[in-house]
Amino acid sequence: MVSNLYSIAECQFLYGFLSRAIYNNDVLIGFTMFGLDPDDGNYWIYRFMIDERFQGQGHGYHAMLLVIDEIRKASDRTDLIMIGYKPDNELARKLYRKSNFREEGISPWGECLRSIALPS
């Protein structure tokens, strides 16, 4: 997994990608980065991280709903949001399932892929 600093720098070179800090009140608990992927034309959540001290408390689920809503409201939104995660990351699997992402299979680079369709 790459550092948040790397992701913030990477975001400067990925046209249309946004990075967001995730807070619980005034406490920084996570980070996300998402945008329109030029390779397949879908929105992708490239990074979604919750500090391990704050996992299992519902923060990831609520933050994911906010990310989905921000993408849904984007002027360049697509009908599909994609996300990938390591196959052994059971917490991610549960979070994305709870957030209504459906399983798409394994990517050529070895990640589990999930997608969520946005209503038109």
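Figure 1. Lys 73 is exposed, because its relative accessibility is 59%. The model shown here and in the following views is predicted. Lys 73 forms a salt bridge with Asp 69, and their closest N and O atoms are 3.0 Å apart. Both residues belong to helix H2, where they are separated by 4 residues, about one turn of the helix. Asp 69 also forms a salt bridge with Arg 72, with the closest N and O atoms at 2.4 Å. Asp 69 and Arg 72 are 3 residues apart in helix H2, which spans residues 59-73, and this spacing is again about one turn of the helix. Asp 69 has a relative accessibility of 25% and therefore counts as partly exposed. Arg 72, at 35% relative accessibility, is likewise partly exposed.

Figure 2. Arg 93 forms a salt bridge with Glu 90, the closest N and O atoms lying 3.1 Å apart. The two residues are 3 residues apart, about one turn of the helix, in helix H3 (residues 90-98). Arg 93 has a relative accessible area of 16%, under the 20% limit, so this residue counts as buried. Glu 90 is partly exposed, with 37% relative accessibility. The structure holds 8 salt bridges, including the one between Arg 93 and Glu 90.

Figure 3. Gly 30 is located in strand S2, which covers residues 27-36. With a relative accessible area of 13%, Gly 30 is buried. Leaving aside neighbours within four places in sequence, the contacts of Gly 30 are with Arg 20, Ala 21, Ile 22, Met 49, Ile 50 and Asp 51. Phe 48 is 18 residues from Gly 30 in sequence, and the C-alpha to C-alpha separation of the two residues is 7.6 Å.

**Figure 4. The largest nonpolar core.** This core has 24 residues, of which Ile 45, Phe 48, Met 64, Ile 71, Ile 81, Tyr 96 and Phe 101 touch the most other members. Two or more core residues come from each of S2, strand S3 (43-50), H2, strand S4 (80-85), H3 and strand S6 (112-117). H2 gives the largest share, 5 residues. When neighbours within four places in sequence are left aside, Phe 101 is in contact with Ile 45, Met 64, Ile 68, Ile 81, Ile 83, Tyr 96, Arg 114, Ser 115 and Ile 116.

**Figure 5. Ser 99 in the loop between H3 and S5.** Ser 99 lies in the loop that runs between these two elements. At 2% relative accessibility, Ser 99 is buried. Its side chain reaches the backbone oxygen of Leu 95 at a distance of 2.9 Å. Leaving aside neighbours within four places in sequence, Ser 99 is in contact with Tyr 61, Met 64, Ile 68 and Ile 116. Of these partners, Met 64, Ile 68 and Ile 116 are also among the contacts of Phe 101.

**Figure 6. The hairpin of strands S5 and S6.** Strand S5 (residues 102-106) pairs with S6 in the antiparallel sense over 4 bridges. Within this pairing, Gly 105 stands opposite Leu 113 of S6. The two strands form a hairpin with 5 residues between them. Gly 110, in the turn, has a positive phi of about 95 degrees.

Figure 7. S4 is mostly covered, with 5 of its 6 residues buried. S4 pairs with S3 in the parallel sense over 3 bridges, and Ile 45 stands opposite Ile 83 of S4. S3, H2 and S4 together make a right-handed β-α-β unit. The pairing of S4 with S6 is antiparallel and extends over 6 bridges. Gly 84 has Leu 113 as its bridge partner in S6, and Leu 113 is also the residue that Gly 105 stands opposite.

Conventions: Residues are numbered from 1 along each chain as its sequence is written. This is a predicted model: local features need pLDDT of at least 70, side-chain atom pairs count only at pLDDT 80 or more; totals for chains, interfaces and linings use all residues. Side-chain values use heavy atoms; hydrogens and water are left out. A salt bridge is a side-chain nitrogen of Lys or Arg within 4 Å of a carboxyl oxygen of Asp or Glu. Buried means under 20% relative accessible area, exposed over 50%, partly exposed in between (1.4 Å probe, protein chains only). Contact means heavy atoms within 4.5 Å. A nonpolar core is a set of buried Ala, Val, Leu, Ile, Met, Phe, Trp, Tyr and Cys residues joined through side-chain atoms within 4.5 Å. Two strands pair if DSSP finds at least two bridges between them. A polar contact is a pair of N or O atoms within 3.5 Å; within protein, one must be able to donate a hydrogen and the other to accept it, and residues adjacent in sequence count only if both atoms are side-chain atoms. A crossover is right-handed if, with the strands pointing away from the viewer, the path from the first strand over the helix to the second runs clockwise.
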